[in-house]
Amino acid sequence: MSEENAVIKVESLVKSYGSLKAVDGISFEVRRGEVFAFLGPNGAGKTTTVEILECLREPTSGEAEVMGFDVRKRRDQQEIRKRIGVLSQDFNTFDLLTVRENIEYFMSMFSKKGDPNELIKLVGLQDKRDALYKHLSGGMKKKLGIAISLVNDPDLVFLDEPTTGLDPGARRDVWRMIEDLRKHGKTVFLTTHYMDEAERLAYTVAIINRGKIIAQDSPDKLISQYGGSYTLIVKGGGEETYKILHSTWPDAKLEPDGDVLVPLQGRSDLLDVTAILSREQSSFSALQVKEPTLEDVFLSLTGKRIVEGELL
């Protein structure tokens, strides 16, 4: 990677709290204009890393540069803060100010400013510009938070778990906004525990667990390397269908809900399974082919899944 394309450079970064290493020797780079996803469960070290890059915490050791500035140097910290936008995980603002008034308040803190009307339009809050913050839904509050993170027209935006707690519709609204930020030339550093979010939005995904980066690449390459095979789901097949298929496919699994999962090594496997099901007149409600995803990658690397941020 060329120097001019690296907006963030991290080398052997460590953050310790006594004997606990919240961040344990991680290294990565973020390219200009990309959406970079830091993917992992709660407590993995995502927010601690981001807070170091935002100059809110001092690293214990290692190196970190943001837009060419050293996060350890006081003068450089001031320059970093001028050039970044931040949406923290626990974002909140003034209940009794309107959408526009909140944006204008935060905008007044910077010499470099965006346009309030353009920001309101970008996040889709035109109809709520005069609504008080306390009257906004959870999704609208996140939208306003993203708008406030852009008041200084930053080149780099940190979004820490921006869709946690949102319903599916609001999540997708936020996804569209993140895609729009990239189209407007912004670099987005996204922390998330949602696999589908990282897979949908990111050019590069760094998977972090217990303070260490355990894999890093594009979603497609991670899935290709670690995701495993396609899986045929025999919906409602039950124990009888499982016994029929298990003799030929020992890796087949019977789920508690009665679905039978059969790993497929190729198209011929799919044809063979369907032929056996037809010959044996097996009872099932539907067949579904599932592609490997980042969830399968994480399971392959850690032996666990992430459910609402927690390892299970």
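Is Met177 buried or exposed? Met177 is buried, because its relative accessible area is 5%, under the 20% cut-off. Keep in mind as you explore that this is a predicted model.

**Met177 and its surroundings**

- Met177 is part of helix H6, which spans residues 168–183.
- Leaving aside residues up to four places away in sequence, Met177 touches Leu122, Val123, Lys143 and Ile146.

**Helices H5 and H6**

- Two packed helices are described by the angle between their axes and the distance between the axes.
- For H5 and H6, the angle is about 15° and the axes are 9 Å apart.
- H5 is therefore roughly parallel to H6.
- H5 and H6 cross in a right-handed way.
- On the H5 side of the contact you can find Gly139, Lys143 and Ile146, and they meet Ala170, Asp173, Val174, Met177 and Leu181 of H6.
- Sorted by class, this contact between H5 and H6 has 5 nonpolar, 1 polar and 2 charged residues.

**Helices H3 and H5**

- H5 (residues 138–149) also packs with H3 (residues 99–107), at an angle of about 25° and with 9 Å between the axes.
- That angle is under 35 degrees, so H3 is roughly parallel to H5.
- The crossing of H3 and H5 is right-handed.
- From H3, the residues Val99, Asn102, Ile103 and Phe106 meet Leu144, Ala147 and Ile148 of H5.
- The contact of H3 with H5 has 6 nonpolar residues, 1 polar residue and no charged residues.

**The nonpolar cores**

- The largest nonpolar core has 44 residues, and Ile103, Ile146, Leu159, Val205 and Leu294 are the ones that touch the most other members.
- Helix H6 gives this core its largest share, 6 residues.
- Ile146 touches Leu87, Val123, Leu159, Val174, Met177 and Leu181, again leaving out residues up to four places away in sequence.
- A separate second core holds 27 residues, including Phe28, Val30, Ile52 and Ile84.

**Helix H1**

- H1 (residues 46–53) is mostly covered, with 7 of its 8 residues buried.
- The buried residues of H1 are Lys46, Thr48, Thr49, Val50, Glu51, Ile52 and Leu53.
- Just after H1 comes Cys55, where phi is positive at about 65°.

- Most residues other than glycine have a negative phi, and most peptide bonds are trans.
- Against that background, look at Ser12, a residue other than glycine with a positive phi near 55°.
- Ser12 sits in strand S1 (residues 6–17) and is partly exposed, with a relative accessible area of 37%.
- Glu161, likewise a residue other than glycine, has a positive phi near 50°.
- You will find Glu161 in the loop between strand S7 (156–160) and H6.
- How is Glu161 classed, buried or exposed? Glu161 counts as buried, because its relative accessibility is 3%.

Technical notes
Residues are numbered from 1 along each chain as its sequence is written. This is a predicted model: local features need pLDDT of at least 70, side-chain atom pairs count only at pLDDT 80 or more; totals for chains, interfaces and linings use all residues. Side-chain values use heavy atoms; hydrogens and water are left out. Axes are lines fitted to C-alpha atoms, for helices over the stretch in contact, and angles run from 0 to 180 degrees between N-to-C directions. Helices (H or I, at least four residues) and strands (E, at least two) are DSSP runs, numbered from the N terminus. Angles under 35 degrees count as roughly parallel, over 145 as roughly antiparallel, 65 to 115 as roughly perpendicular and the rest as oblique. A crossing is left-handed if the near helix is turned anticlockwise from the far one by less than a right angle, and right-handed if clockwise. Contact means heavy atoms within 4.5 Å. Ala, Val, Leu, Ile, Met, Phe, Trp, Tyr, Cys and Pro count as nonpolar, Asp, Glu, Lys and Arg as charged, and the others, Gly among them, as polar. A nonpolar core is a set of buried Ala, Val, Leu, Ile, Met, Phe, Trp, Tyr and Cys residues joined through side-chain atoms within 4.5 Å. Buried means under 20% relative accessible area, exposed over 50%, partly exposed in between (1.4 Å probe, protein chains only).
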